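Student: Can we go through this model together, beginning with the metal site? I'd like the cut-offs spelled out as we go.

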Amino acid sequence: MKNMVQFQKGYSILEFMKDYGSEEQCRQTLFQWRWPQGYICPECGGTRYCTLKARALYQCNHCHHQQSLISGTIFAATKLPLTVWFLAIYLLTQAKTGLSALALHRQLGIGYNASWSLKHKLMQVMKERDDSLLLNGVVQLDDVYWGGENHDDKRGRGSPNKTPFVAAISVNDEGYPVYMNMNVINGFRSSDIKRWAQKHLSPDSHVVSDGLACFAAVTTHGCQHTSIVTGGGPASVTHAEFTWVNTMIGNVKNAMTGAYHAINHKHLPRYLAEFCYRFNRRFELGSMMPRFGYVAARTPPMPMRLLKLAELQG
Ligand SMILES: [Zn+2]
């Protein structure tokens with residue numbers, strides 16, 4: 001059987017260049033992403049406007065409010081041409097593995113600081129989009145730590161070099177994965193899992209986890225919970241109930257280690273979101289640009305000082 005992901009009709013770089021090769025094409029596309037029903041003034045709701053200063057600004061005919069195409073979006077205040085942004089979106093959404101800020105810096109011919117901020121803004125879009133997705137059906141759940149690998153002690157609590165995160169995969173009736181979600185949490189206490197479940201699980205889902213006590217807290221959100229006591233140790237990962245969640249944890253860890261020299265723990269949530277976003281849209285390579293763009297035009301600006309802050313958790 002052909003691999004459905006590998007053999008789907010993709011979106012070639014030639015097609016991309018035909019669609020988004022010029023600044024004017026990108027400008028028109030972003031206008032469509034932002035105002036699919038036509039221009040709307042954020043002040044008065046007016047729909048008639050004129051463009052000022054070589055089309056850099058849109059002015060409402062009714063209240064004269066002015067705004068630029070990129071203000072209020074993730075593209076706000078950028079000095080980069082839209083063609084660079086669009087190419088970065090293309091490269092990042094079509095990549096099989098992670099694409100580092102260093103790689104983007106080389107491929108896009110922009111400075112490293114600019115590529116770092118570009119990459120983190122695009123990952124932020126992915127994170128905001130995937131955070132709005134609720135997993136449902138049968139959901140395999142596992143506790144994971146990033147950093148400080150120690151195979152003898154899976155839980156490895158208390159190490160300052162380890163960042164805890166929840167890995168969750170919904171599987172369909174045939175047992176194949178549908179969506180995955182990986183979110184950094186404070187720790188593996190019932191209160192942490194309760195908060196996580198409220199944000200990321202549909203109340204009608206059926207959670208399968210190992211025997212770690214805190215996972216039972218998903219029932220406070222209405223979910224069913226089956227705990228499978230594995231006895232711990234490396235052998236526990238071979239349990240069929242956890243096949244997909246363990247496979248994906250391995251894949252994501254390997255991909256992150258391969259693509260990134262070092263990941264600052266405070267930015268881990270965005271890196272995890274990057275992998276989840278691509279995995280969750282692995283059958284949609286052809287429509288990635290407009291899907292991503294629609295969300296990007298609705299993601300609030302992220303100035304550098306916000307990008308550098310530690311992520312909110314959950
Ligand atoms: Zn107006």
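Tutor: The site of the zinc ion is tetrahedral, with angles of 100 to 115° among its four donor atoms; four donors count as tetrahedral if all angles lie between 85 and 135 degrees. This is a predicted model, in which local features need pLDDT of at least 70 and side-chain atom pairs count only at pLDDT 80 or more, while totals for chains, interfaces and linings use all residues. Residues are numbered from 1 along each chain as its sequence is written, and side-chain values use heavy atoms, with hydrogens and water left out.

Student: Which residues coordinate the zinc ion?

Tutor: Cys41, Cys44, Cys60 and Cys63 do, each through SG, at 2.3 to 2.4 Å, where donors are N, O and S atoms within 2.8 Å of the metal (3.2 Å for Na, K and Ca) and water is not among the atoms, so sites may look incomplete. Their spacing in sequence is C-x2-C-x15-C-x2-C.

Student: Is Cys44 buried, exposed or partly exposed, and what about Cys60?

Tutor: Cys44 is partly exposed because its relative accessible area is 35%, whereas Cys60 is buried at 0%; buried means under 20% relative accessible area, exposed over 50%, and partly exposed in between (1.4 Å probe, protein chains only). Cys41, at 2%, also counts as buried.

Student: How many disulfides are there?

Tutor: The count comes to zero disulfides, a disulfide being a pair of cysteine sulfur atoms within 2.5 Å.

Student: Switching topic: which residues touch the most other members in the largest nonpolar core?

Tutor: In that core of 46 residues, they are Leu30, Phe86, Leu118 and Met289; a nonpolar core is a set of buried Ala, Val, Leu, Ile, Met, Phe, Trp, Tyr and Cys residues joined through side-chain atoms within 4.5 Å. Helix H3 (82-94) is among the elements giving two or more residues to this core, and H3 supplies the largest share, nine residues. Helices (H or I, at least four residues) and strands (E, at least two) are DSSP runs, numbered from the N terminus.

Student: And what does Met289 touch?

Tutor: Leaving out residues up to four places away in sequence, Met289 touches Tyr11, Phe16, Tyr20, Trp33, Phe86, Ile89 and Tyr90, with contact meaning heavy atoms within 4.5 Å. A second, separate core of 28 residues includes Phe242, Tyr260, Ile263 and Tyr271.

Student: Last one: what covers the buried residues of H7?

Tutor: The cover includes strands S4 (138-146), S5 (163-171) and S6 (177-184), together with helix H8 (268-280). Among the buried residues of H7 are Val245, Ile249, Val252 and Met256.

Technical notes
Four donors count as tetrahedral if all angles lie between 85 and 135 degrees; four count as square planar and six as octahedral if opposite donors are over 155 degrees apart and all others between 65 and 115; anything else is irregular.
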